[in-house]
Amino acid sequence: MRPYTYAQPRTVREAVRDAKPGTAFLAGGTTLVDLMKLEVMSPGRVVDINRLPLDGITLDHEGLHIGALERMSDVAAAPAVRRHYPMVAQALELSASAQLRNMASIGGNLLQRTRCSYFRDVTTPCNKREPGTGCSALEGINRGHAVLGTSDACIATHPSDLAVPLVALSTTVHLASARGTRTVPLETFYTLPGDTPDVENVLRPNELVTGITVPRSPWAAHSLYLKIRDRQSYEFALTSAAVALQLRGRTIVNARIAAGGVGTRPWRLTAVERALTGRPATSATFEAAVAGAADGARPREHNRFKPALLRRTLVRALTELQENR
Amino acid sequence: MSRSPVGRETERVDGRLKATGAAEYSGDYRAPDLAHAHLVTSTIARGTLTGIDTAAALASPGVLRVYAAPDPRLGLYPITGPLAGFVENYVPLRDAEVHFHGQAIAMVVAETPEQARDAAARVTATYDTRPPRTSLADEPHVPAGPTISGSPSSLNILAPGVASIDAALAASDVVVEAEFHQQMQHHAAMEPHAVLAVWKGDQVTLYAGAQVPSAYALGTAQRIGVPPQNVRLITKYVGGAFGARVILWSDTPLAAAAAREIGRPVRLVLTREQMFTLTGHRPQLTQTVRLGASRDGVLNAISHRSVSERPTTVTFPMTPAHATTDALYRTSNLHVDAQLATLDIPGSRAMRGPNEAPGSFALETAMDELAVATGVDPVELRLRNYATKSPSTGLPWSSKHLEECYRLGARRFGWSARSAKPRSRVEGQWLYGTGMATAIYPAHRRAASVRIRLLDDDTAVVSTGISDFGTGAATMVGISGADALEIPLTRVTPEIGDTLLPQGAPAAGSSATHATVPLIVNAARDAIKELKRLAVTDDRSPWHGANADDLRYERGVLHGQGRSMTFGSLLAAVDSPDITALAESAGEPDPRYVHHSFGAHFCEVRVNRFTGETRVTRFTTVADVGRVINSRAARSQLVGGVIFGIGHALLEENPLELDTGRLASSTLADYLVPVNADVPDIDVHLLGRPDPILTGPLGDGSEEAGTRSLGARGLGEIGTVGSAAAIGNAVYNATGIRVRDVPITLDKLIEHL
C-alpha cells in the first residue's frame, strides 16, 4: 500500500469538490483496501465518504430507493426489499460472507472490481490494470472468465451478484459530481471492455454514486436469483440468473431476465424475455426460450462449459420460480 | 478415585485458550525493538537474476535493510548430510539462480509490517529467462526411488507360471483399466507461516510452527551456521500444518539471519499468496490402475502405475500405490510402479495422506468400476478380496478389523437400501447416489522421548517436545500421563512444543500418538520405581530400610507396611521437590508384522440435474485405529480428514500455467477449500480395538500402574484416505458418469446429464 492523503467530508458537495485524478472514494473498503494492499490500486488521495448522508431504504410509488452507503446486510434484511424485490435480497445474501456483507456498501458493490486473478496479481500483464500490457487471461487459466461482451483486450467477468437483478429490473443509478447530479440506467452505466478495459463505467472523474432506484413493477415480487458455483458458499458465480415473471393464469405476460458470471458486465437477456412473453410457463417454453441465451458467446480454453451452463441455469431458475409460486 | 480418562470425551487442555484468543501463535509473540520482514518473490520459473533494483525500496519510509539475491550479508549455508532431504537444496538469497515461480529473491526489513510490504512492492528484478519444464507428460520419467517407509516403489509379484502382469491381466475374465489425474493441492492451513527470531548473544530463540521441532531447529542451525545448541524453537500453538510444516523452508532461516545481521528481533510473516509457492504442495499426479478379476469379482491381478513431479529444489516423491494398492487386497499378481518427471516448479511436500489419499482415490474408484463390471455389490466385492496377510510382504497384521468396519458402516449408513443402478433415485431437481470406499494408513513407530516429573504438590508434569498443530496432541499427552500414573487429568500438566524439552515424536505420518503413549507408560513406570527407591533409601521416609518390592503404587498413593502416603506428601517429607524419569525409544518396528489402521467410508451425494453441482448429503466413517485415547479429538480428526476428502473430490486444485510455470490459483478465493455449507453431518464411529503388538503387550488390567500398553494407533490422516473415492463413487451412482479427474466439478458432468 502506498502512502495517500485522507479526507473525511460531511457533505456530498465537499466530497466531489477538487476533482482530480488519483482520488478514490472509500465506503465499506472491502474492495478498495484489499486492492490497495495488493497495489492493484494506489490512489494518492482517499476520500472517506462514510459520514455522508447517503443512507435510507424507502419504498414509494416510483419504486425502491436505496442510499449508496446502505450496507449489503441491511438491504438484504429490509422487509420492503424481501417482500417486493425478493431476487435483490437473495442476490445480496448469496454474495461474499456475512462479515463482508456487514461492511460492504451498495454503491461499492456496484463498483467492485473483477475477481480476475491476473488483474489482482501485479506481476502479470493486464490491460485493465495497466493498459497496453496485454491480457494474461486470454491464454491463461480462464475457467471463471466471461464469454459475453468480451474483447481481445479483456475477458474479465463482472463480479457483482446484486447488479444482475438490478439490471433485470431496469434500475437507475444516481450520480453526483461538481458539475451537478444526473441519473443513468444501470445497464448502460457499465461499459464493455473493448479496447479500454480500464474504463468500466460512465463515471466522470470524482463523480460519486449516491443511490439507486429500482422501479416498481408487477413482476419484481415474483422473482428469483439463482447462483451456481463449485463451492456452496463464499464464492463468486460461475453463472447466475435473475428471473422475474408476471403471469396471467399460466401465461407469461412479462419477463425480466439477466445473467451473471458470464459477462463483462451484468447481462440482460432481452431476447430470452421476448421468447418467454405470451407463452405458457412450462418447461418446454423455458427450454425453447433459453436456446439462444448465449448467442455470440466467445468461450476460451477453460470456460467452454459456460454457454451450456448459462442455458441450464436459466431453465433451473425459471423452474424453481414456478415451483415456488 | 477418578476413572481413567482414556477413551472418554475429553475437552482439549488448551481449548479455552484457543477459543478465547489467549493462546499465542508464532505471529503473536512480541519482542522489544521488533523489526518486520517481507519477502519479494520471483516472477519467472527458471533462469538467472541479472539485477535487482532496490533503490526505491531503500528510500521508502522505515526501511532498515533490503537483502537482494545474491546477498552475502545473511550468512546462510547449504545443508548436507542426514538433514539434506529436510530442506530445499538451494540457499535462499545466496545466488542468482531462479528455480521456480514464486521463489524468494529479496527481503525487506522495516520498522512496521506495512512499511516492509510497501517497500517490497517497489523492488524490481530483471532476469535471464530459460523455458521452464512444466509438463508431466513431456519430460522424461525416472523411477521414484524408495517409498517413505523404505520399501521399493516398484513391485512385480507374479504367481508361479505367470510371465508378466500384462499376461495375468489378459488371462482375467474381467479387466478394468482406468486413468486418473489431479493437479497440485495445497495444505492451506489457517495460520500463515510466521516466524519471530530473537537473538541473545550467540543464542537464538525461534517462534515458528513446526511439525518436527528438533529437526527444524537443527536444520535452522546448519542453515545459519551456528552450533545446534544455540538454537531453541518454541512451537507451542500451531494453526494447522497438514505436512506444510514438516520440513524447513526458507522463511525461518531468512528471519533468523536478518535478525542476526541487523541486531534486532525480526518477524517474518508470509502472505497467503506466498504460502502457495514457498511452503509446499501435494504433487500433481497421473495414475493408471488395472484390475483383473473373475466374473464374480475375485481379483487375480492388480497393477497401479503413477507419474508425478520432481521439483528441482525439494521433492516429496509420490508413490501412491504404497500402503494402498500394495497392502489392501488379496491377489496373486501385483504390480506397482512410480515414476517422476523433473519440473521447474515450487518444492513439494507431503500433504495429509500424502500417497494414500490420491492412491486410494485411484484404487477405490477402480474397485467401484469392477463392482459395476461384475455386478457384485461394492462392499461384498471388498470382502471377497479381503487380505489376511500383506499382499506385498506376506506378513500378518498386528491388528486388523477392517471387515467389521465394512459391516458396521454399511449398517449405520443403511447401505442395503441402495440400488446399484445409476440414476435410480431422483428427487425434484436432484439425482441422489451412494458410494463407499476403503481407508488404510500405515502405522510406523518413530523415535521419541518423554520425561515425567512427579511434584511434591501431587501433580505430575509430562514433557515431550512434540508439536500440536490442532491434533489434540497436548491433550493426548495429558490423558496418557493421567492414565499411566492413575491420577486425575487435572493433576497432570502436559508440556510440549519446545526444543528444550526431551525430543518428541514427529507430528507427521499419524505417528505421534503411538510413538508417544508407550513412552509415557515407560516413564511412569520408571518414575514410580524411583519413587519407591526414594521411599526405602531416604531416612526421612517412613519406609526407610524397607524392601521396595513390598511397596505398592496405586492411584498416586504408595502403600506398604500398613501405611499410605501420596507421592506428593512423600516428596515433601523427604524434602525432595520432584522425581524425574526419562523414557526414550528409537521406534524400531516389530519385523514380524505389518501395521496399518483401517476404515470404511459410506457417502451419499446429490447432483443437480440442471446445473451439475455435487453436494455431499450424508457421510458415515467407521475406523479401526486401535484404542482411542480421546474420543472427542479422535472423532474431530476423522471428521477433518473426511472434509479433506470433500475438498479433494469436489473442490481443490491449483492449475499450473505451462508456459510460465506460475500457479494460477494461489489465493483462498481461487483455491477452494470446503466451507461449512459444503460439509454435512459426518457420522464417525471408532471400533476402539487395541492393537496388541504395535505399542507393546496390552496386559489384562491387573498389572501395576505404568506397565500396560494401551494399543493406540495414530489417526490424523486415515479420514483423508478413501473419502474422495467414496464421493466419486456416489457421483457415479447418482448420475452414471465416471469422473476420474478430480475435482469433480460441474463442467465435467453437465454435458452428460
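How far apart do the C-alpha centres of domain 1 and domain 2 of chain A lie? In this predicted model, the separation comes to 36 Å. The domain assignment places domain 1 of chain A at residues 5-49, while domain 2 covers residues 223-323.

Turning to chain B, the fold contains 15 helices and 29 strands. Its radius of gyration is 27 Å, close to the 27 Å that the globule rule gives for 753 residues, so chain B is as compact as a globular protein of that length. Along the principal axes, the C-alpha atoms of chain B fill a box of roughly 85 × 70 × 55 Å. Of the 753 residues in chain B, 60% are buried. Among contacts in chain B with a separation of 6 or more, 81% are between residues 24 or more positions apart.

The two chains also meet. Chain A brings 22 residues to the contact and chain B brings 26. On the side of chain B that touches chain A, eleven residues are nonpolar, nine are charged and six are polar.

One sheet of chain B is worth a visit. Here three strands line up in the order S4-S2-S6, forming an open sheet with antiparallel pairing. Strand S4 (97-98) and strand S6 (124-129) of chain B each have a single partner strand and stand at the edges, so one side of each is left without a neighbour in the sheet. Strand S2 of chain B, spanning residues 47-53, is joined to S4(B) by two bridges, and these two strands run antiparallel. Within this pairing, Gly47(B) stands opposite Val98(B) in S4(B).

Notes: Residues are numbered from 1 along each chain as its sequence is written. Chains are lettered from A and ligands numbered from 1 in the order in which they are written. This is a predicted model: local features need pLDDT of at least 70, side-chain atom pairs count only at pLDDT 80 or more; totals for chains, interfaces and linings use all residues. Domain bounds come from an automatic or database domain assignment. Helices (H or I, at least four residues) and strands (E, at least two) are DSSP runs, numbered from the N terminus. The radius of gyration is taken over C-alpha atoms; the globule rule is 2.2 Å times the number of residues to the power 0.38. A residue is buried if 20 or more other C-beta atoms lie within 10 Å of its own, exposed if 12 or fewer, and partly exposed in between; C-beta atoms are placed from the backbone. Two residues are in contact if their C-beta atoms, placed from the backbone, lie within 7 Å. Ala, Val, Leu, Ile, Met, Phe, Trp, Tyr, Cys and Pro count as nonpolar, Asp, Glu, Lys and Arg as charged, and the others, Gly among them, as polar. Two strands pair if DSSP finds at least two bridges between them.
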